[in-house]
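Here is my note on the structure, as numbered points. Please read it with the model open.

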Amino acid sequence: MAKISMPLFLTLLIFCLLSSPTSAKRKMVGIYELKKGDFSVKVTNWGATIISVIVPDARGNLDDIVLGYDGIGPYINDTTYFGALVGRVANRISGSRFTINGTAYRLYPNDGRNSIHGGHRGFSKVIWTVKEKVDGEYPYITLCLHSFDGEQGFPGDLDVFVTYRVEANYTLSVSMQAMPLNKPTPVNLAQHSYWNLNGHNSTTTILSHIIQIFASHITPVDETLIPTGEIAPITNTSFDFLQPKPVTRGYDINYVLDSVIDAKGMRKVSVVEDDISGRVMELWSNQAGVQFYTGSFLEGVKGKNGAVYGNYGGLCLETQGFPDAVNHAEFPDQVVRVGEVYEHYMVYKFSVK
């Protein structure tokens with residue numbers, strides 16, 4: 001389990017507690033922009049959600065390449081998880097239950113018998129506290145959230161932080177930390193943006209995008225998309241994206257990343273290219289897996305600026321621990337104990353070819 005220094009985390013925690021509007025009657029929801037030149041990222045504290053990312057194409061034309069909605073209202077009842085930070089546990093937990101140290105826990109089932117993305121009111125469905133918003137050459141925003149013991153069935157109190165930061169020209173980092181206060185608990189946060197590099201309102205789908213995923217194995221799933229526990233090679237299968245190739249069909253599967261971890265603890269996850277716009281998106285992370293999802297369940301979703309999103313309107317690359325890891329001893333452990341700090345980093349690098 002990744003860790004950061006306790007003094008650093010405690011500093012974040014104290015800052016959040018002091019800045020949290022606990023005396024206010026209600027928290028306010030806002031939209032916050034991080035801007036560097038013609039690169040713009042907008043975030044809301046509803047669900048710690050990315051609502052737009054504007055970058056130039058190869059001809060200098062600016063487009064928003066993230067699927068989403070106009071205003072905050074539609075995000076409240078959203079079922080697509082557009083741009084949201086999902087948790088306490090992203091992806092699916094089989095049978096909406098698990099056991100830690102002999103104690104059984106039952107979760108809120110919101111995907112048939114299973115739980116997905118933290119339950120019906122997970123982290124994407126609550127108001128986060130804005131801890132800090134800093135403009136300047138490298139603007140960033142830090143949001144924090146307290147998840148209470150028993151929320152959606154999960155054990156223990158948990159403090160969570162996410163920072164969205166413009167690191168450099170056309171580079172966006174996402175830093176997530178979480179610390180259990182009194183009980184061990186599973187934690188697996190994920191950033192759930194849908195990307196279409198030709199523009200969120202493009203008439204072309206992501207099936208023409210070219211993708212490379214630095215993984216030679218997947219975790220196969222059953223008919224309810226629950227992992228079987230196997231870690232299977234992708235050689236000579238349609239799941240093989242070790243070399244760049246067009247998407248061409250639907251996917252919703254966790255890849256086991258095998259690229260080399262660099263000196264900063266990061267590994268290259270994926271490169272996505274769009275020949276029409278010339279845009280390129282490169283993703284790095286410190287996580288063991290990435291869920292590749294091609295928007296196969298989108299159908300007639302009314303989005304921003306009159307756009308209507310259909311099947312394959314956007315793709316997700318959700319870096320994560322393995323799905324249902326809490327019920328698979330053979331998967332990397334996602335349970336965080338008291339005194340440990342969960343740490344999840346992502347870096348998106350945008351360019352043109």
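Predicted model: local features only at pLDDT ≥ 70, side-chain atom pairs only at ≥ 80, totals over all residues.

The points below cover the cores, the strand pairing and the salt bridges.

1. Main core. The largest nonpolar core holds 55 residues. Inside it, V53, W128, Y164, Y255 and F292 have the most contacts. Strand β12, residues 158-168, gives the most to this core, with 5 residues. In general, nonpolar side chains of soluble globular proteins tend to be buried together.

2. Surroundings of Y164. This tyrosine is among the residues with the most contacts inside the largest core. What does Y164 touch, leaving aside residues up to four places away in sequence? Its contacts include L34, V43, A48, I50 and L85. P139, Y140 and I141 are also on the list, as are L172, S173 and V174. Q191 is touched too.

3. Second core. A separate core has 14 residues. Among them are W46, I51, Y75 and A307.

4. The open sheet. Four strands make up an open sheet, in the order β1-β2-β3-β4, with antiparallel pairing. Which strands stand at the edges? They are β1 (31-36) and β4 (62-64). Each has a single partner strand, so one side of each is left without a neighbour in the sheet. From one strand to the next, the twist averages 15°.

5. Strand β2 (residues 39-44) runs antiparallel to strand β3 (residues 49-56), and 5 bridges join the two.

6. Pairing of β28. This strand spans residues 342-352 and is joined to β13 (residues 171-180) by 8 bridges. The two run antiparallel. M176 has H344 as its bridge partner in β28. β28 also pairs with β22 (residues 279-285), again in the antiparallel sense, over 7 bridges. Here the β28 partner of L283 is Y348. As background, strands of a sheet pair through backbone hydrogen bonds, either parallel or antiparallel.

7. D63 and R279. The whole structure has 12 salt bridges. In one of them, the side chains of D63 and R279 meet at 3.2 Å, N to O. Why does the pair tie together parts that are 216 residues apart in sequence? Because D63 lies in strand β4 and R279 in strand β22. Are the two residues buried or partly exposed? D63 counts as partly exposed, at 26% relative accessibility. R279, at 1%, counts as buried.

8. E273 and K353. Their side chains meet in a salt bridge of 3.0 Å, N to O. E273 belongs to strand β21 (residues 267-273), while K353 sits in the segment after β28, so the pair ties together parts that are 80 residues apart in sequence. E273 counts as partly exposed, with 24% relative accessibility.

9. K353 and D275. K353 also forms a salt bridge with D275, at 2.3 Å, N to O. D275 is in the loop between β21 and β22, and K353 is in the segment after β28, so this pair ties together parts that are 78 residues apart in sequence. Through shared partners, salt bridges join E273, D275 and K353 into one network. In general, side chains of opposite charge can pair when their charged atoms come close.

Note on methods: Residues numbered from 1 in each chain as written. Heavy atoms only, no water. Core = buried A, V, L, I, M, F, W, Y, C linked by side-chain atoms within 4.5 Å. Buried < 20%, exposed > 50% of the residue type's maximum accessible area, 1.4 Å probe, protein only. Contact = heavy atoms within 4.5 Å. Pairing = 2+ DSSP bridges. Axes fitted to C-alpha atoms, helices over the stretch in contact; angles between N-to-C directions. Salt bridge = Lys/Arg side-chain N within 4 Å of Asp/Glu carboxyl O.
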